[in-house]
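Please find below my notes on the model you sent.

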Amino acid sequence: MAAAAFCSPCSALRSGLAPLCRWRALPRPTSRRAGSVPRSAASDEAAVISGTKLAKQVLKEVQRDVESWISCGNKRPHLTVILVGDNPASHIYVRNKVKAAAAVGISSEVILRPKYISQEELLDMTLKLNKDSAVSGVLVQLPLPDHIDERTVCNAIAPEKDVDGFHIINVGRLCLDQPSVIPATAAAVWEIIKRTGIQTFGKNILVAGRSKNVGMPISMLLHTDGEHERPGGDATVTIAHRHTPKEQLKIHTQLADIVIVAAEEENDKCQKEGL
């Protein structure tokens, strides 16, 4: 029977934060033949999963959590987003985040700054938001202009307010199988796997992409121990990237039980090869 790790929205959460404790251990097979090995995905019909329906379900659950949080006498969670420059994609992403926050009852604000803002000014803004008790979460939309070091900015955000999960402490806790804020895309993949009942225990999984914000956290979630404080998927994970030879990518894909594409370039390669 799967272990459970649910948290009470009134008693087990840090002050000022919306309920984030949704980790559940994946169900383990009740029995396995000695010496048995996972079947290759190549022998089965591939299943493509749409996350749209699941996303709506998650939003409803978060909305209930936020309402419960507020009903316990806590203040409404508030998200502050810093948007630098005029990157069209960044503006779309931020607009969608603000819309999603409003849908679940989280208040938000967007602070716009020109692309020529100095790194010192941006760091000063994050430090002030860290100290602001009215702010529950801080997000600096990436990418930033070339003259600003993104790692320095991400590390300047207080770990407990780090909505993106990019702070080095949150990354370190993820790698040590401890509860932390998980980067959104990786958390979404993990949630899809859990909610659809996909078995990862003992499976071969190919993750195409090694970015620090997507491929790496997905791989960490999948390969770590399901009995640890932050349960993992107990899978054997192979990571492919832009320097993986095309022939090797094809072999890894054919041997994998599950393929997760976390990079556009690798996705194009897989499609061209008919994988």
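1. E1 and E3 pair in the parallel sense over four bridges; two strands count as paired if DSSP finds at least two bridges between them. Within this pairing, Val81 has Leu139 of E3 as its bridge partner. Helices (H or I, at least four residues) and strands (E, at least two) are DSSP runs, numbered from the N terminus.

2. This is a predicted model, in which local features need pLDDT of at least 70 and side-chain atom pairs count only at pLDDT 80 or more, while totals for chains, interfaces and linings use all residues. Residues are numbered from 1 along each chain as its sequence is written, and side-chain values use heavy atoms, with hydrogens and water left out.

3. The protein chain has nine helices and six strands. Of its 275 residues, 39% are buried, where buried means under 20% relative accessible area, exposed over 50%, and partly exposed in between (1.4 Å probe, protein chains only). The chain exposes about 15400 Å², of which carbon and sulfur atoms supply 55%; accessible areas come from the Shrake-Rupley method with a 1.4 Å probe, and for residues only the protein chains shown count as cover. Among contacts with a separation of 6 or more, 72% join residues 24 or more positions apart, a contact being heavy atoms within 4.5 Å.

4. On E3, Gly137 and Leu139 point one way and Val138 and Val140 the other. All four are buried. In a regular strand the side chains alternate between the two faces of the sheet.

5. The largest nonpolar core has 19 residues, and those with the most contacts inside it are Ile82, Leu122, Leu144 and Val153. A nonpolar core is a set of buried Ala, Val, Leu, Ile, Met, Phe, Trp, Tyr and Cys residues joined through side-chain atoms within 4.5 Å. Two or more residues each come from strand E1 (78–84), helix H3 (119–131), strand E3 (137–140) and helix H4 (150–156). H3 gives the most, with four residues. A second, separate core of 17 residues includes Ile182, Val207, Ala235 and Ala262.

6. What does Ile82 touch, leaving aside its neighbours within four places in sequence? Its contacts are Ile111, Leu122, Met125, Thr126, Leu129, Leu139, Val140 and Gln141.

7. A three-stranded open sheet has the order E5-E4-E6, with parallel pairing. Strand E5 (236–240) and strand E6 (258–261) stand at the edges with a single partner strand each, so one side of each has no neighbour in the sheet. From one strand to the next the twist averages 20°.

8. Strand E4 (residues 204–208) pairs with E5 in the parallel sense over five bridges. Asn204 has Thr236 of E5 as its bridge partner, and Leu206 stands opposite Thr238 in E5. Why is E4 described as largely enclosed by the rest of the structure? The description holds because four of its five residues are buried. Helix H8 (residues 246–255) lies across E4, E5 and E6, running at about 140° to E4; axes are lines fitted to C-alpha atoms, for helices over the stretch in contact, and angles run from 0 to 180 degrees between N-to-C directions.

9. Some backbone geometry deserves a check. The peptide bond from Leu142 to Pro143 is cis, with omega near 5°; Pro143 sits in the loop between E3 and H4. Two residues other than glycine have positive phi: Asp177, near 60°, and Asp234, about 55°. Asp177 is in the loop between helix H5 (168–175) and helix H6 (184–195), and at 6% relative accessibility it is buried. Asp234 is in the loop between helix H7 (215–223) and E5.

10. Thr224 also lies in the loop between H7 and E5. Its relative accessible area is 5%, so Thr224 counts as buried. Leaving aside neighbours within four places in sequence, Thr224 is in contact with both Asp177 and Asp234, and also with Arg230, Gly232 and Gly233.

11. How many disulfides does the model contain? The count is zero, a disulfide being a pair of cysteine sulfur atoms within 2.5 Å. As for the cysteines, Cys154 is buried at 10% relative accessible area, whereas Cys175 is partly exposed at 34%.
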